[in-house]
Amino acid sequence: MDNKTCFFIGSRHTPYSIKEQLANAVEKHITEYGVTTFTVGHYGAFDSLVKVVLLEAKQRYPNIKLYLLAPYALNQQREAPEGFDGTYYPEGLETVPKRYAIVQANQNMIQESGYLISYCPGVGNSRKVTELAQKREKKGLIKVTLL
């Protein structure tokens, strides 16, 4: 991944009502920040909503690349959803116990991405990952957009 990569983190209980706000954020990342690659997980309502928004964006910007984060070794060979360019399995996850794989994959993506779009209204791992990204943002290592 590179600094033109945007990752997403959010609550598994995300309401559909944030779709327009999310779509506007994705549009801004493409048109103003020059983001060319987007990576999203596949667990929960937020990730599902992000996939819908990204597939719609790809219709308008066919040059962008969409990847599905694969936190488990078995998933790295899984076929990507229609419209996606592939799956992404972060290096080093082979040694991480399965119960920590998603958390570690998310943390890896914060290290590897130049941008993060986050929807974390409560507490939990999504909030912790967002806070980690915000610490990196203070060092100029990532740009965080909160929805």
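Me: Two strands count as paired if DSSP finds at least two bridges between them. In this predicted model, what makes strand 3 and strand 4 a pair?

Reply: Happy to show you! Strand 3 and strand 4 (residues 86-88) share three bridges, and the rule asks for at least two, so they pair. Their sense is parallel, and Tyr 67 stands opposite Gly 86 in strand 4.

Me: How do you know that strand 2 and strand 3 pair?

Reply: The same test works here. Strand 2 (residues 37-40) and strand 3 (residues 65-69) run in the parallel sense with four bridges; at least two are needed, so this is a pair as well. Val 40 faces Leu 68 of strand 3 across the pairing. Between the two strands the chain passes through helix 2 (residues 44-60).

Me: Why is that β-α-β crossover called right-handed?

Reply: Point the strands away from you: a path from the first strand over the helix to the second that runs clockwise is called right-handed. The crossover from strand 2 through helix 2 to strand 3 is right-handed.

Me: How do you know that Cys 6 is in no disulfide?

Reply: The nearest cysteine sulfur belongs to Cys 120 and is 13 Å away. A disulfide needs the sulfur atoms within 2.5 Å, so 13 Å rules one out. Cys 120 is in no disulfide either, and the count is zero.

Me: Why are Cys 6 and Cys 120 called buried?

Reply: Buried means under 20% relative accessible area. Cys 6 has 0% relative accessibility, so it counts as buried. Cys 120 has 10%, so Cys 120 is buried too.

Notes:
Residues numbered from 1 in each chain as written. Predicted model: local features only at pLDDT ≥ 70, side-chain atom pairs only at ≥ 80, totals over all residues. Heavy atoms only, no water. Buried < 20%, exposed > 50% of the residue type's maximum accessible area, 1.4 Å probe, protein only.
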